[in-house]
Amino acid sequence: MRNRNGRRRTAPLLRRQVAALDRAGSLSSGSVTRDARMYAFLRRLGRTVRANRVCLAEVARKPGTGGICLRLRYEWADGAAVPKGKVGCLSCRDLPPGWEDQLRAGQPVRGISTPVIVIPIFCGPELQGILGLKGHTGRRRWRRLETGALEAVAATLGSVAICPCSCEALHAAEAYYHAIVEDLTDPLCRLLPDGTIIYANEAFCAFCRRERKDVLGMRAHEILPAEIAGELPVRAGPPDAFTPTLTREFRVGGADGEERWYRSVCRAIFDTGGAVCEYQVVGHDITERKRREARNTWMNDQKLALLADAASDAIVVMDGSARITYWNHSAEDLFGYAAGEIIGDDPGQLFPPGYSHLPYVKDIRHAVAGALQGAVRLRFPDVTFARKGGSVFLGELSIAAVRVGGGWYCVGIVRDTTVQRTREQALREERDRTDTLLRIAARLNCSIAQDAVLDALCEETARALQVPAAVVFLSDRHRGMLVPARSFGVPEGAQGCLPCIPLSIYERELHKQGPIITVPDLMLRVDEMSRKSIPERPPRAVASAAILYEGVLIGALDVVMFDAPRTFSPGDLAFLKGIADQAALAIVNARHFEERKAYERRLQMSLDEKTALLKEVHHRVKNNMQVISSLLSLQGRLIDNPEARESIRESVNRVKSLALVHESLYRSESLAAVDIGAYAHRLADDLVQSYALQAYVSVTVETAEMITFSGDAAIPLGLILNELISNSLRHGFAGRDNGAIVIRISRLPDDRLAIEYRDDGVGMPPDVINRPPATLGLQLVRILAAQLEGTITFRPGVAGTVVELIVSDGAGGPEEDACTA
């Protein structure tokens with residue numbers, strides 16, 4: 001406690017000093033030995049002034065030096081007495097300079113480096129001894145008020161311990177101490193080990209409502225509260241057999257009828273033998289502090305109650321006997337019990353009949369028993385509770401239990417998880433349905449045949465909705481009916497009674513109820529209209545989902561029962577609608593696939609027909625050209641003029657080259673392209689046979705790859721080759737018995753085609769090459785080369801005839817061949 005100036009108040013210190021002075025009077029008591037009384041006094045003095053060492057020494061002179069030698073008489077250090085046999089020389093060193101003069105002058109000496117104070121003891125004018133005290137802390141400062149009190153104590157000790165003959169000073173000091181103790185407002189008394197009161201101040205007498213003469217000599221249990229008197233160790237024994245200091249708080253009734261709280265401190269004083277020599281009991285009035293604590297506790301309880309009532313979960317507090325002591329508003333709403341109905345009862349009524357709650361209590365107690373300190377938290381996720389009306393619900397129980405002293409207390413928080421579990425169950429069902437829909441969609445889309453799609457649809461619907469059968473109806477706009485297309489689970493004998501549903505009836509119900517139709521009597525009306533025989537256990541559609549694609553009704557998916565009708569939940573109906581949506585996409589895809597296959601078949605038939613017609617055309621053209629060549633050959637035989645006969649032969653060969661092109665076209669797989677290598681080889685062989693030369697002529701056609709020409713490009717190229725080969729056979733090999741013709745066809749880097757014609761004949765004269773062509777054959781060669789958008793070059797000066805023809809790739813090639821194929 002500090003005052004406004006920051007200094008510690010002097011009242012508590014004065015009480016300790018006065019108490020020390022009062023205890024000095026006990027030195028004259030004859031109930032204990034003189035040494036025990038001195039030790040007890042030094043101990044009280046050390047605790048009063050907060051010192052951890054108190055010693056009393058007498059002064060002796062060192063022989064020869066004149067210095068002071070201090071011989072220890074009594075010492076108390078850290079709560080333990082110094083054995084009598086070890087009491088000896090305290091210090092043989094000379095005192096620091098100036099200390100002896102101050103001691104002789106009667107002034108206390110304060111230590112410089114240690115918290116020591118030395119107070120001189122005089123017996124008359126002579127310095128007879130010192131009283132030394134050492135503080136607890138290294139920064140202890142001895143105040144003037146403390147020094148004055150210690151000087152009075154030192155005078156008393158000098159008269160008792162150093163100069164025993166001066167007992168009058170001791171009695172004077174004791175009277176002085178008692179006079180000061182009487183002014184204390186706190187009750188104070190001293191007891192002998194047997195509990196007899198040997199001293200009591202006025203405050204203690206007022207507390208007991210007795211006169212001093214009545215109080216002195218009484219036993220402690222006759223006047224003190226049981227909380228204090230019952231704790232006094234009246235038997236003798238070592239100090240460690242009981243607690244030397246007892247502190248208790250108790251309340252008693254005041255003179256005005258109002259209860260007051262006191263805090264008592266009872267200290268046991270031991271002698272050097274370890275026995276209790278007396279007790280000191282001091283009481284402090286703590287009524288105001290208790291009232292403040294009560295007010296703070298009430299305010300805290302109110303705050304906690306407000307916070308607990310504002311919580312959305314039920315909060316239940318139980319004491320150590322498992323009785324409910326608190327019940328918030330959320331608990332009232334959850335269980336239906338008011339606080340007045342449940343507080344003080346066992347929590348067993350919060351559980352259904354036959355449902356034991358003892359395992360939870362045992363788990364709590366077992367957990368608390370294993371935890372010596374702190375709190376224990378337990379959580380029970382699945383607990384069945386019961387409301388006031390008897391209805392049950394699943395909840396989550398969280399318990400925080402704490403062990404205080406020998407008992408335990410717990411706070412239970414109950415949360416209704418019905419809505420949460422319902423939501424979780426709905427989410428699980430939705431997830432399972434989504435997975436099932438994905439699996440059904442994968443199975444429906446893996447098939448391209450409509451019948452396979454419908455069979456899989458009926459099977460998956462029946463298994464997913466756990467119904468015995470399912471039927472798929474398809475829309476027939478010509479008849480105005482929904483016709484049963486496929487079924488699963490319907491016996492063969494009952495499949496014939498599946499009716500065709502009029503589109504008008506179904507569309508009317510679809511307009512009234514939406515995509516999901518749940519009209520049990522719809523099939524009855526259909527049965528009456530269809531007039532089919534109904535078997536003993538007829539299939540009844542209990543729910544129907546319209547199969548819609550872009551708003552157009554293309555069919556219906558029905559779930560069928562044979563016995564009692566079944567009621568489907570909204571989730572099941574939505575699931576059926578999802579299956580119908582997947583079925584619509586699968587059915588439309590299957591129909592598109594079938595339509596495409598039918599279109600491809602029709603297209604292939606048309607293509608085959610046109611191919612056959614085109615081949616027939618080429619075959620007829622080739623036959624007609626064969627007829628023309630035969631007529632020309634017959635005509636040439638009737639002509640005697642050799643030049644005219646040769647002209648007719650050339651015309652025949654030209655017609656044959658054209659006929660060969662058409663023959664190659666209708667014989668090849670592609671009607672638009674001709675393999676120019678094979679065509680050139682056959683053309684050369686036919687010409688060699690046509691001229692029937694005496695010489696042997698070999699024909700070689702070299703191509704690095706198969707090169708094709710379109711029919712339009714093959715005709716002029718065939719005519720060019722015809723003229724070149726005919727010229728070699730008529731003029732190049734005249735008068736020879738053999739010859740060779742080589743035709744090389746290759747592709748240039750710029751994607752143009754190069755055709756090199758070479759023979760080993762006599763060659764062409766230079767004047768024929770350089771001047772404009774005079775013959776029809778050479779004129780045709782140049783004209784046809786220009787028609788092919790190419791160039792033709794004759795190489796003079798080389799043995800034989802060499803002709804190079806370069807044409808563009810637009811005449812034909814592999815890419816064009818691939819396209820025409």
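What is the mean pLDDT of the protein chain, and what share of its residues reach 70 or more? The mean is 75, and 74% of the residues reach 70 or more. Here pLDDT is the predictor's confidence in each residue, on a scale from 0 to 100. The structure is a predicted model, in which local features need pLDDT of at least 70, side-chain atom pairs count only at pLDDT 80 or more, and totals for chains, interfaces and linings use all residues. Residues are numbered from 1 along each chain as its sequence is written, and side-chain values use heavy atoms, with hydrogens and water left out.

Strand E18 (residues 469-476) has the highest mean, at 90, and helix H25 (residues 814-820) has the lowest, at 35. The pLDDT is below 50 over residues 20-32, a stretch with 40 contacts in the model beyond near neighbours in sequence. It is also below 50 over residues 811-821, where 22 such contacts occur. Contact means heavy atoms within 4.5 Å. Where pLDDT is low, the predicted coordinates should not be read in detail.

The protein chain holds 25 helices and 30 strands. These are DSSP runs, numbered from the N terminus: helices are H or I with at least four residues, and strands are E with at least two. Of the 821 residues, 42% count as buried. Buried means under 20% relative accessible area, exposed means over 50%, and partly exposed lies in between (1.4 Å probe, protein chains only). Among contacts with a separation of 6 or more, 54% link residues 24 or more positions apart.

Strand pairing is antiparallel in the cases described here. Two strands pair if DSSP finds at least two bridges between them. Strand E5 (residues 109-110) is joined to strand E6 (residues 116-123) by 2 bridges. Across this pair, Arg110 stands opposite Ile117. E6 also pairs with strand E7 (residues 126-135), over 8 bridges. There, Ile119 has Leu131 of E7 as its bridge partner.

An open sheet of 6 strands runs in the order E20-E19-E18-E23-E22-E21. Strand E20 (501-502) and strand E21 (516-517) are the edges, each with a single partner strand, so one side of each lacks a neighbour in the sheet. Within the sheet, 9 bridges join strand E22 (residues 540-549) to strand E23 (residues 552-561). Leu548 faces Leu553 of E23.

The expected span is 1.5 Å times one less than the number of residues. The buried residues of H14 are Arg433, Thr436, Ile440, Ala441 and Leu444. Their cover includes helix H15 (450-465) and helix H19 (570-637). Thr436 counts as buried because its relative accessible area is 19%. Beyond neighbours within four places in sequence, Thr436 contacts Ala464 and Phe575. Its C-alpha lies 9.3 Å from that of Ile579, 143 residues apart along the chain.

The largest nonpolar core has 42 residues, of which Phe709, Ile720, Ile725, Ile741, Ile743 and Leu805 touch the most other members. Helix H22 (residues 711-732) supplies the largest share of this core, 9 residues. A second, separate core of 34 residues includes Met561, Phe575, Ala583 and Ala586. A nonpolar core is a set of buried Ala, Val, Leu, Ile, Met, Phe, Trp, Tyr and Cys residues joined through side-chain atoms within 4.5 Å. H22 is mostly covered, with 17 of its 22 residues buried. From first to last C-alpha, H22 reaches 30 Å, close to the 32 Å expected. Leaving out residues up to four places away in sequence, Ile741 touches several residues, including Val697, Val699, Ile725, Phe733 and Tyr757.

Most residues other than glycine have a negative phi. Arg209 has a positive phi, near 60°. Arg209 sits in the loop between helix H6 (202-208) and helix H7 (212-215), and is exposed at 53% relative accessible area. Glu789 likewise has a positive phi, near 60°. Its loop lies between helix H24 (776-787) and strand E29 (791-794). Glu789 counts as exposed, at 65% relative accessibility.
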